[in-house]
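Here is a short tour of one model. Keep the sequence and the 3D view open as you read.

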Amino acid sequence: MDTATLTEEVAAKTIPIYIMGKRYEVPETLTIMKAMEHSGYQYIRGCGCRGGICGACATVFRRAGDYKIYTGLACQTVVEPEMYLTQIPFYPANRASYDFETAEPTAETIYKLYPELFRCVACNSCTKVCPMDVEVLDYVSALKRGDLTAAAEISFDCIQCGLCASRCMGEMAQYHMAQVARRLQGGKIAPKAEHLEKICGDIDSGTFNDVLEAAKAMTEDELKKVYTEREMEPHMGADEWTPASNHGLA
Amino acid sequence: MASIPSPIHPENLKAVNKIAELSGQNVHECMQCGTCSAVCPMVESMGFTTRMGIHYLQFGEIEPVIKAQIGEYCASCHTCVVRCPRGIDVPKVFEAVRQLVLRTNTDLIKPQEIPKDTMAEAPQIAFVSTFRKLTS
Amino acid sequence: MKLGYYPGCTLKTKAANLEKAAMASLDHLGVEYKELSRWNCCGAVFSLTDDDLIHQVAPVRNLIRAAQEDCDTIVTICSQCYNTLARANKLVRDDEEKRDTLNRFMDEEPDYAGEVEVVHYLSLLRDQVGWEKLREAVTNPLDGLKVAPFYGCTLVRPEEVAIDGVDQEILEGFIAALGAEPATFSAARECCGSYQMIAHPEEGMNRAAKVIGAANRSEADALILSCPMCEYNLGTRQGDVVAAHDGLSRVPTYYFTQLLGVALGLDSELCRLDLNGPAAQELLVDKKFIAAATV
């Protein structure tokens with residue numbers, strides 16, 4: 001939509017924001033990301049999913065007259081008048097490589113990869129800066145006491161944006177450590193889901209081969225028709241609903 | 001703090017005042033009895049004794065104390081504090097010397113160079129202590 | 001008194017043999033406590049530099065957590081945690097300016113002014129339970145076991161947080177209450193080598209050798225301690241230390257809480273002797289304090 005054609009009543013009011021110290025007037029309804037594009041910035045890096053999950057557009061800002069540091073994802077945070085902002089899409093961080101197959105599912109794996117874990121002084125700057133409200137200090141503490149499961153659970157919402165590492169007094173990359181914990185938890189500590197193992201076996205043994213072959217033989221139009229006409233769960237249906245066909249799923 | 005004897009070079013005076021500020025201790029209270037060195041469990045590893053360390057500091061000479069690694073080897077066991085007849089908190093003095101080194105972004109141990117077997121075997125408090133005392 | 005328990009990092013894994021028997025013993029002795037649900041590392045060493053307040057944040061944050069959980073007292077078992085928490089608490093209580101700075105820095109937490117009391121487990125045993133009551137609760141007295149008490153540094157220095165005066169001998173009282181015999185041990189209050197075992201392993205080993213030598217001379221059957229750092233230097237590394245120094249012989253090491261558990265007749269699996277190495281288990285089997293089948 002071309003904003004220039006909108007009448008004054010429906011056009012959003014503009015507000016001043018400061019991007020890397022320079023003042024811009026932007027519509028007050030925009031996200032930081034849209035406001036930057038509105039101001040003439042073109043994204044090559046620092047922008048990914050635009051849906052608040054990829055962690056590419058971490059942004060730091062301050063409000064007028066306030067000493068506090070605020071953070072948000074540029075694609076999710078709406079601009080405020082007089083905000084001073086810059087994006088920190090990447091922050092250099094120590095990332096250890098390891099062989100997951102042979103890694104022991106114990107905290108010692110992390111101690112060996114990231115000895116700097118023990119440089120944490122519990123300043124809590126990591127938690128205060130996290131745009132996803134992850135209790136970073138709590139998972140760092142869990143790692144130090146050897147509780148991988150707690151670390152994996154507490155860090156679950158982490159999107160690896162790296163802002164914690166940018167503020168860390170101990171110069172650690174907390175989010176890389178937590179990722180090791182989540183991988184060990186998911187791959188080697190948490191009990192395997194029985195149904196997952198079964199369905200993988202079914203796939204391996206060819207249960208769905210006929211369906212897949214039939215789909216592969218279809219033209220694009222036929223495929224679209226099958227897709228759009230598929231049986232779907234009703235939006236306002238009863239609590240108990242089962243599809244008419246399970247398509248070979250037991 | 002007590003007045004500083006005059007033969008001290010002005011540059012050294014600044015340094016010794018910094019030690020006093022960081023440690024809260026007045027090294028000029030020391031009467032050089034050597035009791036701290038006699039009871040120090042790590043004195044054999046230091047370049048010279050804790051008594052000599054204090055003596056250098058009385059003249060504002062910090063560099064030799066850094067080179068002798070007194071602050072690096074002091075594990076803050078506080079045995080000397082109990083025994084010092086002049087009531088000087090000796091570990092505070094040498095911690096101040098060490099802090100002056102660490103505050104120039106100098107690490108006295110590199111965490112990534114600790115053997116992996118040690119990282120897996122030793123208790124967590126060992127690493128927290130080591131890094132607090134010896135990394136910047 | 002509402003008593004909170006602050007475990008500390010090492011007690012959940014490597015020093016589980018320090019924690020498990022300790023908590024089971026408190027239950028057995030009828031001491032009520034609540035383990036803190038949220039805590040971080042204590043910092044392990046107390047910062048001695050006047051302007052270095054950032055290193056006071058870790059211990060003070062734990063004290064805030066204890067206050068948030070309505071505890072008026074917290075008990076710790078690890079000597080280093082005790083020392084760091086107690087000294088930080090004293091700093092907050094005594095120095096108004098530093099207290100204000102710390103509170104302002106931790107602007108996301110409620111203010112703290114030293115409301116919580118920090119006690120060590122040994123003090124709790126002596127002052128809340130009492131040696132008499134403990135002696136009565138012992139069902140498996142450690143008769144004929146000569147034990148060298150190792151205090152190390154952090155339980156007894158500096159004086160302002162010492163759990164014991166020079167003459168009071170809290171560990172000796174503890175050993176006697178279990179029915180064992182305290183050894184006269186010249187290195188009882190010496191440094192174990194501490195973190196120098198990591199930074200300067202050779203010097204750390206030399207220091208540990210002196211303590212083990214003194215334990216040998218005391219003719220003790222065993223050495224007890226309360227700190228995972230001491231246990232690493234004097235226990236875990238003892239084989240290397242003895243091998244590298246002439247004239248030393250091995251001596252089993254235990255956390256004091258393990259012998260407490262054994263003497264109270266608790267299930268010996270709770271004492272996690274598996275983490276101490278075979279010699280520690282064999283000695284207790286030989287002395288018939290535990291059954292061979294359970295180790």
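Contact here means heavy atoms within 4.5 Å. This is a predicted model, in which local features need pLDDT of at least 70, side-chain atom pairs count only at pLDDT 80 or more, and totals for chains, interfaces and linings use all residues. Residues are numbered from 1 along each chain as its sequence is written, chains are lettered from A and ligands numbered from 1 in the order in which they are written, and side-chain values use heavy atoms, with hydrogens and water left out.

**A buried tyrosine**

Start at A:Tyr111. Leaving aside neighbours within four places in sequence, A:Tyr111 is in contact with A:Leu117, A:Phe118, A:Leu143, A:Lys144, A:Arg145, A:Gly146, B:Met119, B:Gln124 and C:Lys14. A:Tyr111 sits in helix 2 (residues 107–113) of chain A. Helices (H or I, at least four residues) and strands (E, at least two) are DSSP runs, numbered from the N terminus. Is A:Tyr111 buried or exposed? A:Tyr111 has a relative accessible area of 1%, so it is buried. Buried means under 20% relative accessible area, exposed over 50%, and partly exposed in between (1.4 Å probe, protein chains only). A:Leu143 is 32 residues from A:Tyr111 in sequence, and the two are 8.7 Å apart in space, C-alpha to C-alpha.

**Rings and charges**

A pair of aromatic rings is described by the distance of the centres and the angle of the planes. Rings of Phe, Tyr and Trp (its six-membered ring) pair if their centres lie within 6.5 Å; planes under 30 degrees apart count as stacked, over 60 as edge-to-face and the rest as tilted. The count by this rule is 13 aromatic pairs over all chains. One of them joins C:Tyr6 and C:Trp39: the ring centres are 5.4 Å apart and the planes stand at 70°, so the pair is edge-to-face. This pair links distant parts of the chain, 33 residues apart. C:Tyr6 is in the loop between strand 1 (3–5) and helix 1 (16–29) of chain C. C:Trp39 is in the loop between strand 2 (34–35) and helix 2 of chain C. Both C:Tyr6 and C:Trp39 are buried.

A:Tyr111 returns in an aromatic cluster, which it forms with A:Phe118, B:Phe127 and B:Phe131.

Charges also meet rings. A charge sits over a ring if NZ of Lys or CZ of Arg is within 6 Å of the ring centre and within 35 degrees of the ring normal. The table gives two such cases.

| Charged residue | Ring | Distance from ring centre |
|---|---|---|
| A:Arg145 | C:Trp39 | 3.6 Å |
| A:Arg230 | A:Tyr227 | 4.1 Å |

**Two helices in chain C**

How do helix 2 and helix 3 of chain C pack? Helix 2 (residues 54–68) and helix 3 (residues 79–94) of chain C meet at an angle of about 90°, with their axes 9 Å apart. The two helices of chain C are therefore roughly perpendicular to each other. Helix 2 of chain C contributes C:Gln56, C:Pro59, C:Val60, C:Asn62 and C:Leu63 to the contact. Helix 3 of chain C brings C:Thr84, C:Leu85, C:Ala88, C:Asn89, C:Leu91 and C:Val92. Axes are lines fitted to C-alpha atoms, for helices over the stretch in contact, and angles run from 0 to 180 degrees between N-to-C directions. Angles under 35 degrees count as roughly parallel, over 145 as roughly antiparallel, 65 to 115 as roughly perpendicular and the rest as oblique.

**Two ends of the accessibility scale**

C:Met229 is found in helix 10 (residues 228–236) of chain C. At 1% relative accessibility, C:Met229 is buried. Not counting residues up to four places away in sequence, C:Met229 touches B:Pro123, B:Ile125, B:Ala126, C:Gln80, C:Cys192, C:Ser194 and C:Tyr195. C:Gln80 is 149 residues from C:Met229 along the chain, yet their C-alpha atoms are separated by 8.2 Å.

C:Ala243 lies in helix 11 (residues 238–244) of chain C. With a relative accessible area of 69%, C:Ala243 is exposed.

**Backbone details**

The peptide bond from C:Arg157 to C:Pro158 is cis, with omega near -10°. C:Pro158 is in the loop between strand 5 (146–149) and helix 7 (170–177) of chain C. A:Glu171 has phi near 60°, a positive value in a residue other than glycine.
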